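Student: I would like a close look at one part of this chain. Please start from a single side chain and then go on to the helices and loops.

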Amino acid sequence: LPNPEGKAPPKSRFGPTMDLWQTNVNEFLNGIVNPHTGETIWNCGSSFFRIFMMTLIISNVIAVLVESVPEVDRFVGNDPNNFFDVFESVSIFFFTLEYMLRLFSAPKNLEALYSSWVYATTFFGIVDFLSTA
């Protein structure tokens, strides 16, 4: 694969508005890298989103562990729309949303080599995809 280091992201074939949206989403998800120091700068919204997603991942792990306890499983039951089913549905919604945003903004992401396909085939892209299943 070509090394796009030092090159600007390619222009979107859908026009400058799409370029702006992709750039904004990429900066929201991945922060803005200071070209002089290499430090990543996060705005308040992107910091909140990162913390929210990490909390959601940890909460899902805890939910799976708690649901595997027989006493808890009997207490909650297998009724439709029990707590664990609703929590799983909400989690899948947010995981899917993040995955779609990452695919959408990958053409502006150097780490994805400015390619949605490259992002989708990376370790994190595959993990993100599997989290939506």
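Which backbone nitrogen does the side chain of Thr37 reach, and at what distance?

Tutor: The side chain of Thr37 reaches the backbone nitrogen of Glu39 at 3.2 Å. This is a predicted model, in which local features need pLDDT of at least 70 and side-chain atom pairs count only at pLDDT 80 or more, while totals for chains, interfaces and linings use all residues. Residues are numbered from 1 along each chain as its sequence is written, and side-chain values use heavy atoms, with hydrogens and water left out.

Thr37 sits in the loop between β1 (32-33) and β2 (40-41). Helices (H or I, at least four residues) and strands (E, at least two) are DSSP runs, numbered from the N terminus. Thr37 counts as exposed because its relative accessibility is 57%; exposed means over 50% relative accessible area, buried under 20%, and partly exposed in between, with a 1.4 Å probe and protein chains only. Thr23 is 14 residues from Thr37 in sequence, and their C-alpha atoms are 20 Å apart.

The 24 residues of α2 should span 34 Å at 1.5 Å a residue, and the end C-alpha atoms are 34 Å apart, so the two values agree. The expected span is 1.5 Å times one less than the number of residues.

Helix α2 (residues 44-67) packs with helix α4 (residues 83-105) at about 145 degrees, with the axes 11 Å apart. Axes are lines fitted to C-alpha atoms, for helices over the stretch in contact, and angles run from 0 to 180 degrees between N-to-C directions. The crossing of α2 and α4 is left-handed, meaning that the near helix is turned anticlockwise from the far one by less than a right angle. Contact here means heavy atoms within 4.5 Å. On the α2 side, the residues that meet α4 include Phe49, Met53, Leu56, Asn60 and Ala63; among their partners in α4 are Phe84, Phe87, Phe94 and Phe95. By class, this contact has eleven nonpolar, three polar and two charged residues. Ala, Val, Leu, Ile, Met, Phe, Trp, Tyr, Cys and Pro count as nonpolar, Asp, Glu, Lys and Arg as charged, and the others, Gly among them, as polar.

The buried residues of α2 are Ser46, Phe49, Met53, Leu56, Asn60 and Ala63. An α-helix has 3.6 residues a turn, so residues three or four places apart point the same way. The cover over the buried residues of α2 includes α1 (16-30) and α4.

Asn82 counts as buried because its relative accessibility is 8%, and its side chain reaches the backbone nitrogen of Asp85 at 2.9 Å. Neighbours within four places in sequence aside, Asn82 is in contact with Val76 and Gly77. Gly77 is in the loop between α3 and α4 as well, and counts as buried because its relative accessibility is 17%.

Helix α4 also meets helix α6 (residues 123-131): the axes come within 8 Å and cross at roughly 145 degrees, and this crossing is left-handed. Ile92, Phe95, Tyr99 and Arg102 in α4 meet Gly125, Asp128, Phe129 and Ser131 in α6. That contact has four nonpolar, two polar and two charged residues.

Finally, Ser115 is in the loop between α4 and α5 (116-120). The side chain of Ser115 reaches the backbone nitrogen of Trp117 at 3.3 Å and that of Val118 at 3.1 Å.

Conventions:
Polar contact = N/O pair within 3.5 Å; in protein donor to acceptor, adjacent residues only side chain to side chain.
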